[in-house]
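Trainee: Could we take a close look at one helix and what its side chains do? I would like to follow it slowly, please.

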Amino acid sequence: MINKRLLSTVSESKKYIAGNVIAQWIGLVCNIVIMFCITGLLGNIIENKVIDKNSLIFTFGFAILALAIRFACALVSTKMSYYSSKWVKLSLREMIYKKLLKLGANYNEKVQTSEVIQVAVEGVDQLESYFGAYVPQFFYAMLAPVTLFVVMSFISWQCALFLLICVPLIPLAIVGVQTWAKKLLSKYWGQYTELGDSFLENIQALTTLKIYKADKFKNDEMNEEAEKFRKITMKVLTMQLNSITIMDLVAYLGAAIAVVIAVLQLNKGVLTAQECLLIILLSADYFIPMRQLGSFFHIAMNGMAASDKIFRLIDTEEPAEDTDTNKVKTTDIVVKNVDFSYNSDRQILKDVSLSFPQNSFIAICGESGSGKSTIASILTSKNKNYIGNIKFGGVELSEISETELMQKITYIGHNSYLFKGTVRDNLLMGKFDATDDELWDAVERVKLAGFLKSENGLDTVITEKGSNLSGGQCQRLALARAILHDSPVFIFDEATSNIDVESENYIMNEIQNLSKTKSIIMISHRLANSVDADKIYVLDDGRICEEGTHEELLQNRQSYYKLWNAQQQLENYTGKEQ
């Protein structure tokens, strides 16, 4: 039940665990001293010996001193437990966070977000108890019986030996249920993860569930999963109760037999009254440390199950780290004969070839589901398992480090994330050392300066996901942050969808300004946003069916022409209705 890898991973905790064990051991020695004092006094009373005043004061004084030291040791033990568990939280959560950073933007191809959350929160909390309670108790439970055996062997080696033999029966009982418990706890954590997945998904989709009145269905579904979790939890509790009962039987029976042996030896005159009382009192202490260890058994098993999940995450294969972050000299992007599938049943991209010259404005259009956003995901390295060749500045995309790619490309999606904090906090993510003048220039370019000045300026509070702003304001603020990032390539993936017309116009005007000095890749279902592009690629069912300027594609009178006319008719009809 001691995981060497786990202990070495959080090596900072070792000294605190050692301090905890030493403090408990000193407390045990003080307890032995107190018992010697008490039994010595009681023995003299039983044997009708005269107890002088000085001896009584000395005995009580020594016992009080030992009691004070024991109390101090208990405080130190608690402090050491806190420090060891604190380092576990800091170390493991930092390791998990760094691991996700190393896995990169496409980490969710290898691990589920919900599982990462559970491992980082509940899993680490389980290991906090493992390091703070179980591990120190494990070593103390090995040390305490040996110490008591040495002390008691000078009084009655028969009782000492018998108790020492009985003590290992408790860990043997623990081992007896370990195999069953490990399988049971594995199922427990599996069910816990599934319940967490469902809960997280349903919370995120709560608005959608309410709209379609599917919340009752999902509620019933979660109730079924919760019932399964309740049943597995009850099995775990039953297992823990049974193991505790077995340990109690061993402890109490062993102590009772030792007491009987001591009383028999007293009757034979082998032991004095003081020695007999001392054995009776120390017999309980023989089993208490191991009994306490047994009560921490479920903590250890939960800790082991949690550590398995944590190490599975930490051992996830990482992309090769490339220290060269200056491979790309130009921003020409050439996509040649690229195929891509999320699964074997459906191919998304089919022999796609595209060209994005440096400082050009290229648009990718097509109906929903044609593969437009998949191209953006591949170019930003979110999707890596493509077939074909993609060269960025003459360098194969797969050979470019994620760090360099993020420096060269800024992605703005249709639902850009804003963090809880202030406008300044969100903008500084684009350029951490930007001055206030630079921040104001960015918000001025997206026509947000007037609104912010009417509020609290750059210190205007932003709630989670920008829920206190309109959709258009969120997108404009996200664009301002992207402007500060100042990369040579910008990818706009449906960046103007589902926002007001005014914000859409502001964003498109700024995209036009950026296209004078930057490479722009515009992905949009609304063709009017692509009219001024240097070239337009039209996707149909994962293939490039047309390419050219807006005028050339209209003259071809094919897919683009049909989409354009359909959208114009719809917009004209909507305009008349208004």
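Mentor: Helices (H or I, at least four residues) and strands (E, at least two) are DSSP runs, numbered from the N terminus. The model is predicted, so local features need pLDDT of at least 70 and side-chain atom pairs 80 or more, while totals for chains, interfaces and linings use all residues. Numbering runs from 1 along each chain as its sequence is written, and side-chain values use heavy atoms, without hydrogens or water.

Our helix is H3, which spans residues 53-103. Let us begin with the nonpolar patch on the surface, formed by Ile22, Trp25, Ile26, Phe58, Phe62, Leu65, Ile69 and Leu143. Patch members have over 30% relative accessible area and no salt bridge; nonpolar side chains (Val, Leu, Ile, Met, Phe, Trp, Tyr) are joined within 5 Å, like charges within 9 Å. Together the eight named residues have about 730 Å² of accessible area (Shrake-Rupley, 1.4 Å probe, only the protein chains shown counting as cover for residues). H3 gives the most to this patch, with four residues.

Now move along H3 to a charged pair. Lys98 and Glu94 meet in a salt bridge, 3.1 Å from N to O; the rule is a Lys or Arg side-chain nitrogen within 4 Å of an Asp or Glu carboxyl oxygen. Why can these two be partners? Lys98 and Glu94 are four residues apart in H3, so about one helical turn separates them. Lys98 is partly exposed at 44%, and Glu94 is partly exposed at 43%.

To put that pair in context, the model has 14 salt bridges by this rule. One of them joins Glu404 to Lys408, with the closest N and O atoms 3.6 Å apart. These two also sit four residues apart, in helix H12 (residues 402-408), with about one helical turn between them.

Another salt bridge, at 3.3 Å, joins Glu547 and Lys535. This pair links distant parts of the chain, 12 residues apart: Glu547 is in strand S12 (residues 543-548) and Lys535 in strand S11 (residues 535-540). Glu547 is partly exposed at 42%, as is Lys535 at 27%. Finally, shared partners join Arg424, Asp436 and Asp459 into one salt-bridge network.

Technical notes: Buried means under 20% relative accessible area, exposed over 50%, partly exposed in between (1.4 Å probe, protein chains only).
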